[in-house]
Amino acid sequence: MLKKYAASTGLAKPSSAIQSLIAQNKAIVQRNTTKNQNGLTEMTSDTLGQNATYRLTLKNPNAYKNSELYIEFDGIKASFPSTTARLNYSARRALMANVPFSYGTKLNYWRNIMNNQYFDSYGMKITTQNKDTSIRQLGINNMSDYEKKGSVLLNLGYSTSARKTIDLSFYEANNISFKNVRIIAVPFGKTYQQKAKQLQKQSLKQLKVTNNQVSGTTDNQQASVLTTSIPYSTGWQLTVDGKKTATQKVNTGFVGAKLPAGQHQIKLVYQTPGLKAGRLLSIVGLLVFVIGFGWQFVVKRRHD
């Protein structure tokens, strides 16, 4: 039966051109396998521009039971096919399918490509047995939201059972490489609960929150890091026991600071950045206006 259908497709005895494409794909697979033999470092498309699905096999699946799983990509770099390369992909797919690739067909492909430029955008899909998540790199033509993703941390969800594999697929880019790919498991057993309770004990006591001020006290045996859910701004000023202390970004974009061990009075006060300078300039402007007006008044009286 297989021979019968293979003969009808014309692929029972593939042409030298098709054999060449198959050989090129084998070479790409072998080269890519060698690069990834010590861990995932690169995902690439074949000579037809088709992107394969990559599978990560976890060595010790039982270690990921009752845990929240994360995958971290660091040092992401992507390359993209040119218009000519995309046309060549279409031509090779037509050759492989044994269908004509006329000038009119080529022109239609070219129009479609020109109307659907990538602008360095790509997507990745990551799948486990109980969770699908994705990465979307917006293109450089997206003026308001473009931000190049060099590192990404994705939550693959919680599971009580062992997860053996993670599947990754990508599109638009023809090659994506990584400096490092890590799998991180956060257990939700007794140890996790104990650490969570310990962190809760380190939170601010006697907490008071108003529109522009947060205050409280700390009493920690070790130095710690203050974390808040307040979006980071230079307008937030921190004092520890009345002494000005530097703030910093925590959890990517929130107000935080390093706190010393011991009992301390903490106060965060917000003042619009540039407000003091604006007030000073307003006062200076008012003084210049008054002096100028007074000078004109004096000169006018002398003339009179």
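**Exercise 1.** Which side chain meets Arg 55 in a salt bridge?

*Solution.* Start with the ground rules. This is a predicted model, where local features need pLDDT of at least 70, side-chain atom pairs count only at pLDDT 80 or more, and totals for chains, interfaces and linings use all residues. Residues are numbered from 1 along each chain as its sequence is written, and side-chain values use heavy atoms, leaving out hydrogens and water.

Step 1. Apply the criterion: a side-chain nitrogen of Lys or Arg within 4 Å of a carboxyl oxygen of Asp or Glu. The partner is Asp 167, at 2.7 Å from N to O.

Step 2. Arg 55 sits in strand E2 (residues 54-57) and Asp 167 in strand E8 (residues 165-171), so the bridge ties together parts 112 residues apart in sequence. Strands (E) are DSSP runs of at least two residues, numbered from the N terminus.

Step 3. Check exposure. Buried means under 20% relative accessible area, exposed over 50%, partly exposed in between (1.4 Å probe, protein chains only). Arg 55 is exposed at 55%; Asp 167 is buried at 19%.

**Exercise 2.** Find where Glu 172 and Arg 136 lie in the chain.

*Solution.* Step 1. The two form a salt bridge, with the closest N and O atoms 3.5 Å apart.

Step 1. Glu 172 is in the loop between E8 and strand E9 (175-177), and Arg 136 is in strand E6 (residues 132-137). They are 36 residues apart.

Step 2. Glu 172 is partly exposed at 22%. Arg 136 is partly exposed at 36%.

**Exercise 3.** Is Glu 42 buried or exposed?

*Solution.* Step 1. Its relative accessible area is 12%, so Glu 42 is buried.

Step 1. Its salt-bridge partner is Lys 35, the closest N and O atoms being 3.2 Å apart. Lys 35 is partly exposed at 44%.

Methods: Helix = DSSP H or I, 4+ residues; strand = E, 2+ residues; numbered from the N terminus.
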